[in-house]
Amino acid sequence: MKIIILGAGQVGASVAENLASEANDITLVDTSPDSLGVLRDRLEVRTVCGNAASPSVLREAGANDADLLIAVTQSDQTNLCACRIAKVIFNLPTRIARLRSTDYVDYPELLDETNFAVDFSICPEQVVTDYIKRLIAFPEALQVLEFAGGVLSLICVCAFEGGPLVGHPLKALKFHLPNVEVRIAAIYRNGVPIIPQGDTIIVPGDEVFCLAASVHIRQVMRELRRSDKPMRRIMIAGGGNIGFRLARSIEADYHVKILEARQERAELLASQLSRALVLRGDSTDEKLLEAEGIDETDLFVALTNDEEDNIMSALVAKRMGARRTLALINRKSYVDLVQGGPIDIAISPAHTSIGTLLAHVRRGDVVAVHSLRRGAAEALEIIAHGSRKDSKVVGRPIEEIPFPKGATIGAIVREVKREDGRVLRREVIMPHHDTVIEENDHVIVFCTHKNLVRKVEKVFQVGFHFL
């Protein structure tokens, strides 16, 4: 695909990195020549320096024959104008815009073809907020992802000494959970992927990815590690977009304190939050943390715009007694360095939100894409189309499907319909080698390396005469 990406910030750079590795023709547009120069040297992409909402700049970027425009600058107005210009002047087929303001959600008609002409809108801040909320609900987990509208969940946990399944082969799982369909999708041991087999033994420290129906996921987690007590007291460092969204969405269910260094921002937060306690101060101030009961805090969440401050405040909070710490970190090298030590969970906002974008870019009918292990692996939800005659997937048992090594089918979500065609329920199937995939099945594919994604997409493509 020929893709134009507007904005060379964290989100734009992450999108470019993911798509450039899949042999797409990428052009990056930004007003900063320094940012463009770094990405041009690292990713070997074409760059254009200029205003992303300017018709002449878009023409120079190749909008005349581009397939996709991804507008992810820091400005909602720039992104909206760029989409409108791309539609009206260049008739660019698909336009995606990043929108940080929540106002546009209340007025979706502004994004239709007669107005700003946005095909898909994304809000990375909201994606990260929802992601953190799921981690709060499952305090034992390192990652919590949902598929098929929440019917199926993928949970990553670190196996601990004393877990019922730790030290035993995976085939023993069916005896521990006889009435629950569960699949161990992958295991990472010391950062190296292990393809799960029946005789594979889980050892303490393994990162284990489990797929199960969402209603059963807590039972599955108990087999891998001891249950943590529920979260009650949460302290948020940073009252920016993500910190405010998180505090507002959880303040009714938890005791929330939010630390903000800026006086004006702290006053705004206090006026818009009903139950959360807003404190003005530095999140690395030990006296402030001690006075506010950091030793009784269940979760300390560092969400400022400065990743070094996030790392330091999370380290200080952990040393002073916070039960669990989470830090927002932009640099992938930092994430890999700190997670699993005093900082329990490190989140890269770009990698967390990238899946929402990639789902609209992937070939075939890809419903969801989730980045795993800080971008090293991916999980895809793909709808199977066609028939045995024109598809390599539909009507065939899994053992006949030519998947590349390192890609496995973790689960299938199938619609059970009534005679009149209405959907009665959606059932989760944990497939075996002889399971036959049917048309319109939602297939969850786990790729141990993101380089496998293009090969998996090709497997799901149907013949031309089907289209």
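The model is a predicted one. The domain assignment of the protein gives four entries: domain 1 (2-122), domain 2 (140-224), domain 3 (233-351) and domain 4 (362-460). Between the centres of domain 1 and domain 2, taken over C-alpha atoms, lie 39 Å.

- An open sheet is built from six strands, which follow the order 14-13-12-15-16-17 with parallel pairing.
- Four bridges join strand 13 (residues 255-260) to strand 14 in the parallel sense.
- In this pairing, E260 stands opposite R280 of strand 14.

**Helices packed on the sheet**

- Helix 10 (residues 263-272) packs on the sheet and touches strand 13 and strand 14. The direction of helix 10 makes about 170° with that of strand 14.
- Helix 12 (residues 307-319) also packs on the sheet, where it touches strand 15 (299-302) and strand 16 (324-328). The direction of helix 12 makes about 175° with that of strand 16.

- Strand 2 (residues 25-30) pairs with strand 3 (residues 46-49) in the parallel sense, over four bridges.
- Within this pair, T27 stands opposite R46 in strand 3.
- From strand 2 the chain passes through helix 2 (residues 33-43) to reach strand 3, a β-α-β crossover that is right-handed.

**Residue S14**

- S14 is placed in helix 1 (residues 10-20).
- The relative accessibility of S14 is 6%, and S14 therefore counts as buried, since the limit for a buried residue is under 20%.
- With neighbours within four places in sequence left aside, S14 is in contact with A350, H351 and I354.

**Residue I382**

- I382 belongs to strand 19 (residues 377-383).
- With a relative accessible area of 2%, I382 is buried.
- Not counting residues up to four places away in sequence, I382 touches D365, V366, D441, H442, V443, V456 and F460.
- I382 and E267 are 115 residues apart in sequence, and 46 Å separate them in space, C-alpha to C-alpha.

Methods
Residues are numbered from 1 along each chain as its sequence is written. This is a predicted model: local features need pLDDT of at least 70, side-chain atom pairs count only at pLDDT 80 or more; totals for chains, interfaces and linings use all residues. Side-chain values use heavy atoms; hydrogens and water are left out. Two strands pair if DSSP finds at least two bridges between them. Helices (H or I, at least four residues) and strands (E, at least two) are DSSP runs, numbered from the N terminus. Contact means heavy atoms within 4.5 Å. Axes are lines fitted to C-alpha atoms, for helices over the stretch in contact, and angles run from 0 to 180 degrees between N-to-C directions. A crossover is right-handed if, with the strands pointing away from the viewer, the path from the first strand over the helix to the second runs clockwise. Buried means under 20% relative accessible area, exposed over 50%, partly exposed in between (1.4 Å probe, protein chains only). Domain bounds come from an automatic or database domain assignment.
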